[in-house]
Amino acid sequence: MQNIVGIDIGGSHITMAQVDPEKREIISSTYVREHVDSFGARETIFSSWISAIEKVIHNLVRNELLIGIAMPGPFDYENGISL
């Protein structure tokens, strides 16, 4: 099975899980949702994201990992600023 992780980044959280591509379903045992301080320093926000991602991918072969990320809009991607 291909290693796929879907990630939803919101204003106050990051939520993710592995996805079974054949069944097109979330693998519920891998579901992680963590609070993120959206007013914190970028290092704090990135650390929260990394911590959550590591919980989901800890047992996966990383060179065969596909990640899909959903982020809120509108977003100025070039400058890294959420509008």
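A residue is called buried when its relative accessible area is under 20%, exposed when over 50%, and partly exposed in between, with a 1.4 Å probe and protein chains only taken into account. By this definition His 13 is buried, because its relative accessible area is 13%.

The structure is a predicted model, in which local features need pLDDT of at least 70 and side-chain atom pairs count only at pLDDT 80 or more, while totals for chains, interfaces and linings use all residues. Residues are numbered from 1 along each chain as its sequence is written, and side-chain values use heavy atoms, with hydrogens and water left out. The term pLDDT denotes the predictor's confidence in each residue, from 0 to 100. The mean pLDDT of the chain is 88, and 95% of its residues reach 70 or more. Confidence is lowest in strand β7 (residues 81-82), with a mean of 72, and highest in strand β3 (residues 25-26), at 95. Where pLDDT is low, the predicted coordinates should not be read in detail.

The overall architecture may be considered next. The chain contains 1 helix and 7 strands; helices (H or I, at least four residues) and strands (E, at least two) are DSSP runs, numbered from the N terminus. Read from the N terminus, the order of elements is β-β-β-β-α-β-β-β. The C-alpha trace spans about 35 × 25 × 20 Å along its principal axes. Of the 83 residues in the chain, 29% count as buried.

A contact means heavy atoms within 4.5 Å, and, leaving aside residues up to four places away in sequence, His 13 touches Asp 8, Arg 33, Glu 34, His 35 and Val 36. With the side chain of Asp 8, the side chain of His 13 also makes a polar contact, at 2.9 Å. A polar contact is a pair of N or O atoms within 3.5 Å; within protein, one must be able to donate a hydrogen and the other to accept it, and residues adjacent in sequence count only if both atoms are side-chain atoms.

In one of them, the side chains of Lys 55 and Glu 34 meet at 2.4 Å, N to O. Lys 55 lies in helix α1 (residues 42-57) and Glu 34 in strand β4, so the pair ties together parts that are 21 residues apart in sequence. Glu 34 counts as buried, at 17% relative accessibility, whereas Lys 55, at 45%, counts as partly exposed. Glu 43 forms a salt bridge with Arg 42, with 3.8 Å between the closest N and O atoms, and both of these residues are exposed.

Two loop residues complete the account. Gly 10, in the loop between β1 (3-9) and β2, is buried, with a relative accessible area of 18%. The C-alpha atoms of Gly 10 and Ala 70 are separated by 8.5 Å, although the two residues are 60 residues apart along the chain. Ile 27, in the loop between β3 and β4 (32-35), is partly exposed at 23% relative accessibility.

How values were computed. Salt bridge = Lys/Arg side-chain N within 4 Å of Asp/Glu carboxyl O.
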